[in-house]
Each structure stands twice: as structure tokens, then as C-alpha cells.
Amino acid sequence: MTFRILTTTAALALAASTAMADYSLTILHTNDFHDRHEPISRFDGPCSAEDNAAGECFGGTARLVTAVAEARSRSNNSILVDGGDQFQGTLFYTQYKGTMTAEFMNLLGYDAMTVGNHEFDDGPEVLSAFTDAVEFPILMSNADISGEPLIADKIAKSVVIERGGEKIGLIGLTPEDTDELASPGPNVIFTDPSDAVQGEVDKLTEMGVNKIIVLSHSGYGTDQEVAANTTGVDVIVGGHSNTLLSNTSDRAAGPYPTMVNGVAIVQAYAYGKFLGELNVTFDDAGVITEAVGEPIIIDGAVVEDAAVVARIGELAEPLEALRNQVVGNTAEAIEGNRDVCRAMECSGGNLVADAMLARVADQGVQVAIANAGGIRASIDAGEVTKGEVLTVLPFQNTLSTFSVSGDVLLAALENGVSEIEEGAGRFPQVAGLTMTVDPAAEPGSRVSDVMVGGEALDPTATYGMVSNNYVRNGGDGYKMFVNAADAYDFGPDLADVVADYIAEQGDYQPYTDGRIMMK
């Protein structure tokens, strides 16, 4: 009898412990990959085969395949998700649009991704084809797509997947200003991220789902706001701001994870240099009891998958002649790092702005503005190839010329510096003018001492300008240019303009000269 009682007691204890059992999940994540299928240098640009063989390169899909497989082997319960912006950034996107991206994301076995703004770079058409090609859900909660037939039935606001016997709710977010950042067309209406997330959380909760992950291509700052302004979210997997969160790197913008209102926020820089690995434990009520992890550096120590290397080589063959064309030399590295170029004058910004202005100076153009968000990589010292220039300027933007009054030009400069603290791509790299910027001042009153051609800006004068067609048509908040006079948006490709400028220089010397003074 005593044995029976002990057995029954033990059984009851076991049943109780089973009912209250913790649930552990490994969340593997990427963001802002930007078609960096081949290994990249420490400047986030192309890396030579010699340097790759020497172990000096990072990332690449072949290494990512290995890293994901190894990470999965460390966990008996994992998912792989993406925080958006798989598209755009190399010749692979120029050549294949989303088809190559879909092939490798399917190979990697992603469970879901959110829509990044660059997924709209070629309009809903390319995104629609991509959704048809992938074998996992694509999510976006904060947009009304009902009026856009190309994607209306192909992108969900949220989805429920099952892993390890538990239901997990996944919600997508894209930047609220995607209509300024890309080309979604007039039929896609973007909405507030916090409201959209809360709406989906409420629906998922009603379905009995108590483990909810937001895939957010909205930036580190917005992710913290969403965490603070909502209830029911457990994890936010971020993107868009290319933020490195880490507990070991002195370059990190915050801890991994960053905890806000009980929500674990993670992001893993960009370009495939890291694979995020967050280990989360939930109690029976779906509340996080532990969230630990660290982005895994995808460096030369990670072995490349041979079959993937071969497939990428096959897909790269049509690109070789173009990318290997040497256009000139640079005595030093040309700075294109987003942390620099979106906050101050940088040598890469000067190169692009100078090249634009030089191309049209004979047309009476006085000022060039290049949005720093269009500069996507640095160039290391030595030979400069067309492929490197195309990696820096991958968007196939064309040169635009137009005329504006001095007060409109000042408004444009104020727009450009209005979101410095957020690292926004609208920051203006300039040529033909100088200015002083006070980041501590209120947006709209940060620019002073503007000089054009050595003379003070005249609000009533007319100035000839050059930029790219994206900015001229209102991208990155430059809506004051939309109705500009004498607009011509069909000049040469910006990458060709810069490549030609470097070729004319022969041996290019990168520089900054104080044209943008920061207080």
C-alpha cells in the first residue's frame, strides 16, 4: 500500500511538473542581408578570392548555410526568421531581382520574414513574384494592401506556426515611411506600427496563442517604442537600422537582447556578417523567464558549404565581365559606413556629390545633394572596379537636375538633418555649398551659415540642383522637390557617373574639407 501511495504521489508530482513545464525556443535570425551572397570585406563591400581563402572575409550565403546548420544542431527546438531587406545591394539583385534570394532562403529553410522597404524597390510586381517563389510566409501588419491586387492575397499581417508542440505567433512590421523610402505605389497605405502590432496580438491571444514574436523592419528606436506601447509581445526581431546588439562587442548599440517592458529586442547588424541566436524560455503562461544569446560572427572560421559556393559561382558568371572592370585607383579607403555618412560629412559622400556636380556643372547647376542612404558600402584602397562602385550605389538611380528657390533648398537641408539621431538615410552629403549643423537643436532649425559658391544663401534666389531621381521625386522626405521647376529625371545611372568620375581622376584621393561643420 505504501508503494502505491508513493507511486501515486510521484505521478501527481510528475503531472504537475509537466503541466507547468518550461518551453525553450532558439530564435535564429538575420536582417538587412541586401543580396550579399558572396563573402564581403570588413568594409561590407566585395572581398577578393585571395582574401577569402586567407580567412579575411565575412558572411556570404555559403557560410550562412553552415552557421545555421550548426546553430540548429545546438537546439532541439528552433526557428529561422528574417527582419527584412533581403533585396538590393549587389549585382545579384540587379541581375536576378528576387529569384536568387528566394532560392537561397528556401534552401536555408526560413520559417518567415517581414517586408523591408527595399522589398518594394521595384514596386509590387517584383515583391509579388518573390512571394510566389518562397516556401514560407511573408508578413506585414502595418499596411493596407487590399487595394493592390498584385500582393493583396499574398502577404499576411501575422501567422501561427507550430514548433515543439507549441503555437508561436509571428507578426510583421515594415517602416511607416516606406512610401518615402521605396516604390510601393499608390495602392499600399502604411500605418502606425504600435497600433498594428497590438491589433494582431489581440487576435492571436483570442486564438489561444501566448508566445508572440514580431519581425520588425522598423529600426532599433521604433522597436523599443513598440515594446513600450504594446502588451502581449514577447520578442522583437529587428532590422532596418543595421544595429549590432551584443554583450561582448564595444561597437554594440545596446545589449543582446535589449529588454523593454518585458520584451526581448534583438538585431544582428547587416549583410550576413552575423547570425542572431536568441535562446528564450517561456513558462506555462507564455511569459519569458529567460532570454539569453549573442550574434554569431560569420567570419573566415565558418566553413563555406561547397555546393552553395558552386551554385553562387554559376549565378555569378554573367556578372564577371562587368564587376571586374577596373575604373581607377584610390590612394586610401573611401568611407561609406552608414554610421559615419548618415551623421556627418564623409569621403564617400563627397565623392558621390562631387561626381554628380561635375557631370552637370556645364548646365549651370550649382548644388548637389546625395542622400546618405543611397551609399551602401565603403571602397578599400587600391584598384576600384565597377563592381565595387555598383555595390556602393546599387539602386540604379538616375541623375536628376532641377531648379529650386533658396528657401526650398534650406528646407531640403533641414529635412536632411532632421533625423540624425535615428541614423536616417536622408542625411545630405553635398557639393557646391557649405553649412553648419547643430544636431542638438530642434528639427527644422538645425542648419545655419549656408554658403553657395562662397556667398550666403539667398532665400529668394533660384539655384540649379542635381540629385538622384529618387530624392527628386520625394524619397527620404525630400517632398519639397516633387514640383521643382525644370526637372529632368532621366540622366545617366548614378553608379556610371561615379565610375566615370573616378576614371577621369585616375588616382583618386578621398577627402573631407569641412563643407558640413557639426556643432
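## Close-up views of a predicted model

View 1. Contact means heavy atoms within 4.5 Å. Buried means under 20% relative accessible area, with exposed over 50% and partly exposed in between (1.4 Å probe, protein chains only). Helices (H or I, at least four residues) and strands (E, at least two) are DSSP runs, numbered from the N terminus.

This is a predicted model: local features need pLDDT of at least 70, side-chain atom pairs count only at pLDDT 80 or more, and totals for chains, interfaces and linings use all residues. Residues are numbered from 1 along each chain as its sequence is written, and side-chain values use heavy atoms, with hydrogens and water left out.

**View 2. Helix H5 and the residue after it.** H5 spans residues 99-108, and seven of its 10 residues are buried, so the helix is largely enclosed by the rest of the structure. Those buried residues are Met100, Thr101, Ala102, Phe104, Met105, Asn106 and Leu108. Just after H5 comes glycine 109, with a positive phi of about 80°.

**View 3. Strand E19 and its two partners.** Six of the seven residues of E19 (residues 399-405) are buried, so this strand is largely enclosed by the rest of the structure. Strands pair if DSSP finds at least two bridges between them. E19 runs antiparallel to E24 (residues 462-468), with seven bridges joining the two. Here serine 403 stands opposite glycine 464. E19 also runs antiparallel to E25 (residues 485-488), through two bridges. Threonine 401 has tyrosine 488 of E25 as its bridge partner. In a regular strand, side chains alternate between the two faces of the sheet.

**View 4. The chain as a whole.** The chain holds 17 helices and 27 strands. Its radius of gyration is 25 Å, close to the 24 Å that the globule rule gives for 519 residues, so the chain is as compact as a globular protein of that length. The radius is taken over C-alpha atoms, and the rule is 2.2 Å times the number of residues to the power 0.38. The C-alpha atoms fill a box of roughly 105 × 50 × 45 Å along the principal axes. Of the 519 residues, 57% count as buried. Among contacts between residues at least 6 apart in sequence, 75% join residues at least 24 apart.
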